[in-house]
Amino acid sequence: MGCTPAVPTIIERNKLMEINKSSTLPDGLDPNNFRTITLSKIREVNHNTKFFTFNFNDPKSVLNMKISSCILFKANIGGKVVYRQYTPTTRPNTCGYLEVLIKYYPAGVMSKHIHNMKTGDQIEIKGPILKYDYQSNKFKNLALIAGGTGVTPMLQMIEEILFTADDKTKVTLLYANTSFADILIKHDLDKLAQKYSHQFKCYYTIDKYADTVEEEVWTGERGHITTSMLENLIPIPPSDDDESVMAMVCGPSGFMELICGDKTLDSKQGEVSGLLKQLGFTEKNVFKF
Ligand SMILES: Cc1cc2nc3c(=O)[nH]c(=O)nc-3n(C[C@H](O)[C@H](O)[C@H](O)COP(=O)(O)OP(=O)(O)OC[C@H]3O[C@@H](n4cnc5c(N)ncnc54)[C@H](O)[C@@H]3O)c2cc1C
């Protein structure tokens, strides 16, 4: 089966680029070896974040990754080999390319390198790295709690569930950002929430406003996430049903500490603490990306 050229929004594009899963097209990724990909398109999202589209060498290659997975990027920067993980926002069966949403950090080695790349430049990738082996309908509810670029693995989960006709899991996303301008892919999330309103709810919270007008008109949640915000918005697990709710959390370190405790230094899940522990969540129903 051939490939279709890219179209503007994530949702439209992902729908178009989905190909028959039984296809025998070659894999674009190799979990054991680095492969070179070429930057083909850069799309600005906000003041510090951009979408980067990278083409596979073989345009018939398929991303072919299980949900939820990320990819390891490798670059030689200033004489040092640097590795960082990024989460594709393209569907697993996308053909010919992958897209990543990357935030620029002024002191960030890899993010700065990628933001400085020009179309035609190349970088190496290896993967996919499976982070969470999602099984349809295992939980009745998913509570996704994200901060900043932590929304990228959540988008993978949301699309996988909503685009799988027999997956009845109810999904709630609570997405925290500093300001309105920092909210990523809001348009795509809102479209999904509108189209799949019976199954997907999306809430935003911000704690700074550009001006008093923005502060007055903002209809979402306000401030840092609190226990009462969580109680009001996400399903809370009853003590007698382990499969009622799974909370998945992704964001910067301070955000993880607040919500559920950070992962351990060797990247293990570690104990659940923070707000989710106060609400009765345990290691059985929390996953830290
Ligand atoms: C599984 C996984 C998936 C990821 N997916 C994405 C993704 O889709 N998009 C994306 O943009 N990033 C993603 N990241 C984060 C990414 O891997 C890098 O950590 C990030 O781009 C910063 O790398 P860097 O080399 O630019 O910064 P580094 O050189 O590692 O850090 C330098 C400085 O940058 C700042 N900084 C770095 N990270 C953060 C942070 N999270 N919060 C606040 N300040 C920070 C700090 O000032 C830090 O001192 C993911 C991480 C993981 C583990």
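1. The chain carries 33 positive and 33 negative charges, and their mean positions lie 5 Å apart. Lys and Arg are counted as positive, Asp and Glu as negative, while His and the chain ends are left out. Each charge is placed at NZ of Lys, CZ of Arg, CG of Asp or CD of Glu.

2. What you are looking at. This is a predicted model, in which local features need pLDDT of at least 70 and side-chain atom pairs count only at pLDDT 80 or more, whereas totals for chains, interfaces and linings use all residues. Residues are numbered from 1 along each chain as its sequence is written, and side-chain values use heavy atoms, without hydrogens or water.

3. Overall fold. The chain has eight helices and 12 strands; these are DSSP runs numbered from the N terminus, with helices being H or I of at least four residues and strands E of at least two. Its radius of gyration is 19 Å, which agrees with the value near 19 Å for a compact globule of 289 residues. That radius is taken over C-alpha atoms, and the globule rule is 2.2 Å times the number of residues to the power 0.38. Along the principal axes, the C-alpha atoms fill a box of roughly 50 × 45 × 40 Å.

4. Packing. Of the 289 residues, 49% count as buried (under 20% relative accessible area; exposed is over 50%, partly exposed in between, with a 1.4 Å probe and protein chains only). Among contacts (heavy atoms within 4.5 Å) with a separation of 6 or more, 70% join residues 24 or more positions apart.

5. The annotated site. The unreviewed UniProt entry gives a "binding site" at Arg-84, Tyr-86, Leu-101, Lys-103, Met-110, Ser-111 and Thr-152. Do keep in mind that UniProt positions follow the numbering used here, feature names are shortened, and annotations may be inferred rather than shown by experiment.

6. Two residues of that site. Lys-103 is in strand β5 (residues 97-103) and is partly exposed, at 26% relative accessibility. Ser-111 sits in helix α2 (residues 109-115) and is buried, at 4%. Beyond four places in sequence, Lys-103 touches Asn-48, Thr-49, Ser-111, His-115 and Thr-149. With that exclusion, the contacts of Ser-111 include Tyr-86 and Lys-103, which are also listed in the UniProt feature.

7. A loop aspartate. Asp-30 lies in the loop between α1 (10-17) and β1 (35-44) and counts as buried, at 15% relative accessibility. Leaving aside neighbours within four places in sequence, Asp-30 is in contact with Arg-35, Lys-126 and Gly-127. The C-alpha atom of Asp-30 is 42 Å from that of Glu-231, 201 residues along the chain.
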